Every structure is written in C-alpha cells, then in structure tokens.
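Subject: Structure for you to look at

Hello,

Here is the structure I said I would pass on. Please open it first, then read the notes below it.

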Amino acid sequence: MTELDITILFAGVIVGAAPIVLAALGETITEKAGLINLSLDGSILLSAMAAFAVAFETHSVLAGFIAGALVGALMALTVAVFSIYLGQNQVAVGFVLTLMGRDLAYFIGNPYSRIQGPQVKPLTIPLLDKIPFVGDVFFHHNVPVYFSLLLILLCWWYVYHTPYGLKMRSVGEHPRASYARGISPQKLQLFYAICGGLLVGLAGATFSLATKPGWGRPQGAEGTGWIALALVIFGGWNPVRAAIGAYLFSFLQVLGIYLQGWLPSVPAQVFQVAPFPLMIFTLLIMSIAQNESVQIWAENKAHVRAVLNMFSSMAPSALGKPYRPD
Amino acid sequence: MNRFEYLTRHSRHVLVTVAAVFFFTSLVLIIAGAPPLAAYYHIFKGSLGSWIKFSHVIKSWIPLTLCACGLLFTFRIGLWNIGIEGQVMIGAVFSTAILRLGLESQMPSIIILGSIIAGLVGGALWALIAGFLKTKGGVNEIFAGLGLNFVAQGVILWLVFGPWKRPGVASMSGTEVFPPALWLSQVASIRLSLPALAIVCIALILTALLLRYTKIGLHLKAIGNNPSAAYLFGLKPARNMVLAMIFAGGFAGVAGSLQVSGVYHRLLPAISSNYGYLALLVAMLSNYNIWLVPWVALFFACLNVGSIQLPMALQLDSSLSGVIQGALVLATLGIHGWRRRRAEVRGQKTEDGGHMIGGREQKTEDR
C-alpha cells in the first residue's frame, strides 16, 4: 500500500471518479439550462439504495441501473416542478430533498444493508488494453467507468456543437429571448432537469453496484453530491472542466489512502475532509479572479492572467431564476 | 378577506398538508413492509408515553429551537446558513476546551458558565468565516458553510482521536466523560435542566424582540427583501449579513455547548446530531415565524425521540422521522405553490402577504 505505483494510482483515480463524473455532468446539464438541483446528495444515496435493492431482487444489474436512473430523474422532476410550475425556491426544495432522500434511503434500504448482492462485472476492452500504461489505466474497468469517460465527450459535443445544446444554453442565459424565438423555457428546463437527474441516478447506481458495492448506513457515498455540486462551479459550467475537477478530487482521495500509509500518526478522518477546504479555497480564487480590480492589476502580467483565466468563468445568467411567462 | 375566513382557509390547507404527509409516510411504510399504524403508535408512545421520554424530547427540543432562532436572522436577510451544523460542532469544541481547563476547579458553576460563553464565541467565529467568505470573498454561503461543516467534523475527529483521546483507547464514543460537578445542573424530579430551559426562553424572546422591534431586525428584513434598494437607501448589506451570521452562529454555538455540558457530558463526533440541518427545516416549516418555531421544534423533537423506538419495536430504521419531517416541509411548499398558482390563474394576487416561503427571489449571481 505504501509503495506508490503510478499505474495503479491512476487506474484508481479513473475508477473512483466515475460516479462523481456522472453526477457532475448531470448537474452541469441541469444548471446550463438554468435550474439548480441542490438535492444531489440525497438523490445519489436514494438511487444507490434503489439500484442495489432492485438488482438484488431481480438478480439483474441492468434493472438496478434503470431503477437508480429513474429515482434520480424523479427527484430532479420534483425540484423542477416545484420551482418552474409552483414558483417555489429551488434551494429550499433541493435542500429538503437532500435530507429526505438520505433518510428515505436509510429507511427503505434497512433490510438490504450489509448483504452480498450483484455487482457489475469487470470488462476489459480487447486490443486497447494491450497499450502499455494507457491500457492499464483506462481499459481494465467496467461498463459504468467506460460510460463516464464517453459521456464527457458526448456532453461537450452536445452542449457546444449541436443546435439542441444551443437552445439549452439560451434558456439558461436568457429565457425571455428564447421564448421570443419560439422555445418554451419551462418545458426545456423540465426536460434537462430530468436528463440531469437520470445521470445523477446512474451515479448513485454506480456507487452501490460498482465503486462501493453494497448498501449500508453509511454507504460511503455520503457527501459526494455536495462535491459534485461544487465541481459544477469549479468547472465553470463546462462539462469537460467539471469532469477534470472530478478526477482531481478522486486523485486527492486516492492520495489520501497513500498518505495515511506514510503518516500513520495523522487520523484517517483528517484526510477525508481535506478536499472540502480545498473546495472553498478554489471557489474563493474563482471569485477573486472575476474581481475587476484584480483583472486590471493582472492586465500586463501574462502569467498571472493565464492563471486567472483558468479560474474565471461565468454562471448561466438566468441560473436559479425560473422564467415566469407574462 | 376577514380574519375568520382567513383562519378557516388556513386550517384547511394545514389539513390537506397533514393528510398528504400521512398518505406519503404510510406508503413508505408499506413499501418497507411495516404496519403504518403500529409505527405511528410507537412514535407517539416513544415520545409522549412517559415523563422520562418527554424529558428526552425536551432535551432535543432545546438545541433545535436554539438553532432555529439563530437561523431566523440569516433567513431574514436572505442567507442560507447551511453551515449551522458546523457552528454547533465548533461551539461544542470551544465549550469542551473550557471544561477541560476547569477539571480541577473549585467553582464548577463559573466554569460551566464560561463554557457556554465559549460555545457562543466559537459558533459565532465559525459563522464569521462563512460570513466573510460570502461578503469579502464572494463564495456562496451554501458551499462555504457546507465545506466548513466537514472541516468542523474533521476537527472533532482529530481531537477525539488525537490530543483529547481517552487514556488507553480512542474511539467514536468520544472523549472521557467529565466529572458530575461539571455537568449542567438538572432537577432530578423532572429530569430537566432549568438553566438550559432558561437559555432557550431568553433566546426566543431576544430573537423576537431583535427582529421585530429593533433597527437590526428592520435592516435585515429590508436587505433581505431588496438588497439593491437597501444599498441605495444607505444600508450596508455586507455588514448586516456578517451580523446575521454572527447571531446564527452564536445561538448554534450555545446549542453545541449545552449538548456537551447538559446531555453527553463529553465531546463526541456525533455531537451536533443533525440538529443544525433539522433546524433549517423547522425554520422553513414555521414560515420564519418566531412564535411557531418552538411548536414546530417540539413536534420535530417528538418525531426524533419517538422514532428511536422503531428499530427495537419493529426492526425499522429510525430515519423515518426524517422522512416525515421532510415530507411535511415539502407538502407545505407544494400546497403554498399550488395555491399561488391557482390564484395567478384566477388573475389575482395572493392575499396573504405574510408568506415568505418561495416568495423570495434567489440571489445566485455571486456564486
């Protein structure tokens, strides 16, 4: 464990990041269309529980994934309907669902805790896995991991290179203008909330069927939803950057395991919370990077500007402000 | 609309809410394969069945009410103080530090008083960090607070497993129990601590007075309702936000302190017991009304304590209380929204202006 093997380290990062990537991409899509789904942490747990329970009862991993995705979509649908059609505060609804999703998962999942259940089988991709290093890092995993990798590209292409993606962004940036162009902001936001929710549900299913197989209280996925929410901001509402953030986070987690081996005197729990101050710090830097006086100060300093550009990003202008037809 | 009509209408909505929650919870229970009525009966008996059980309810009512009081300040100015959980924890840590210093002291009551003040300071300082991150650093208070919650949890774990570990074995059960002299006094016959109850009463009255009759309350409300107008009017949103955070953190810190000196008599990782998060729901469900807060908190405390019986009696998980609490808030939000929508369809504005749930515009530009 204390021996640092770069290949195993990176492979671990790719595997550990898979559910986080899925959740962060799902939330990015939802927020790109202008809606905040704060319920991620509860959604992930509830869908993880549902996926495990269904897979256990039906002996089918696929059914588990479908159940997880549906639960995630249902949670997102609740936030969307409450916010878009009932005019309620998105943050409030999302937060209530966060707590409730977790408690529901613990309550309904109680009979399924700490039992052996089905899990995703590893699947090596032929030919590609023979490539030295790259093959070991990327192509010795299972379907959810490959899916998470593929989805990054897919999301990026969809958001920035298709007319649908353009419509989605327009709704998030300026719903009134989209409405004038004949797009229904309410319907599109509802649609993308559900799409994002499906991915969040898949993230939960990936946890309980692949990354940390099984169910229990605690499952081990607690807190991931909040990380994913922060990663969306970290990624500046860009799916590729959000995914990079997920890999960085996973890297920190895996590194924590090694550090524990090297520094046995420091309690393990300290390493587990380490990413959170880092998240605050990143958000702080991002906010500073957008500060006008800082930008003026950095105008003639090429290196500083490059760093600032890395961190500066704008939220969709209509994020969190549901469109009300007049 | 006259008062009578308003009341009948209002009670109808409450009835619909309760019916919806009842239906939903029963459905969940049936899915879990449990008899719903038996579960409700055990929750009722487990919380109000005997004085001992009711004293446990009051023990969890105290931190819940304290936290909810503090949250009224931050909600009033439009802040989502999710970091309250961490503020409870740091209050408990500061408090424990004072109690540890006073282990050999001859005047335990002074030490306990000092520990409560330390808790207040600790919670307020932790809230101050989130407040400054929000106002000076432009970091959204939800993420700052949440991150700080995890950090606070890390601090407690580090203390419990490191510098403050029990001689011999360090474990999740916490630090060594303090000598009874350093326990918050408790009237044996009713199993309640009068100082703690007094603190809650003071907190309730103080919150009501400050929010209703002082300039502070007015400023918080003005900024919460319209930050840019308040700014033009010469109010300082940033300063008032920090002030609201200090109030919330202070109350939360006292709650954490009372958990240490009055309930557990030691510091343990689960010291905050989710009371901070739950208090957010209490504040929302009481519609940010200080006079509803203690009653909603009491009901939530009953659910919490009552559901502890479920694992033993029916082999169910005790998290049912959380399901009911969440469903209550969600149903309230939903019915409020439905009513507003129907009113809009009818082409008129809702007539009861007192509701703030959802009425607030969200401020997310600063993320």
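**A buried tryptophan**

Trp215(A) is buried, because 29 other C-beta atoms lie within 10 Å. (A residue is buried if 20 or more other C-beta atoms lie within 10 Å of its own, exposed if 12 or fewer, and partly exposed in between; C-beta atoms are placed from the backbone.)

This is a predicted model: local features need pLDDT of at least 70, side-chain atom pairs count only at pLDDT 80 or more, and totals for chains, interfaces and linings use all residues. Residues are numbered from 1 along each chain as its sequence is written, while chains are lettered from A and ligands numbered from 1 in the order in which they are written.

Trp215(A) sits in the loop between helix H9 (185–211) and H10 of chain A. Helices (H or I, at least four residues) and strands (E, at least two) are DSSP runs, numbered from the N terminus. Leaving out residues up to four places away in sequence, Trp215(A) touches Met49(A), Phe52(A), Gly109(A), Tyr112(A), Ser113(A) and Ser208(A). Two residues are in contact if their C-beta atoms, placed from the backbone, lie within 7 Å. From Trp215(A) to Ser113(A) is 102 residues in sequence, but 4.9 Å in space, C-alpha to C-alpha.

**Chain A as a whole**

Chain A has 15 helices and zero strands. Its radius of gyration is 20 Å, close to the 20 Å that the globule rule gives for 326 residues, so chain A is as compact as a globular protein of that length. (The radius is taken over C-alpha atoms; the rule is 2.2 Å times the number of residues to the power 0.38.) Of the 326 residues of chain A, 51% count as buried. Among contacts in chain A with a separation of 6 or more, 76% come from residues 24 or more positions apart.

**Where chain A meets chain B**

In chain A, 39 residues are in contact with 46 residues of chain B. Helix H3 (61–85), helix H4 (90–109), H10, helix H12 (268–273) and helix H13 (275–290) are the elements of chain A that each give two or more residues to this side. H4(A) gives the most, with 13 residues. By class, the side of chain A that touches chain B has 28 nonpolar, nine polar and two charged residues. (Ala, Val, Leu, Ile, Met, Phe, Trp, Tyr, Cys and Pro count as nonpolar, Asp, Glu, Lys and Arg as charged, and the others, Gly among them, as polar.)

Regards
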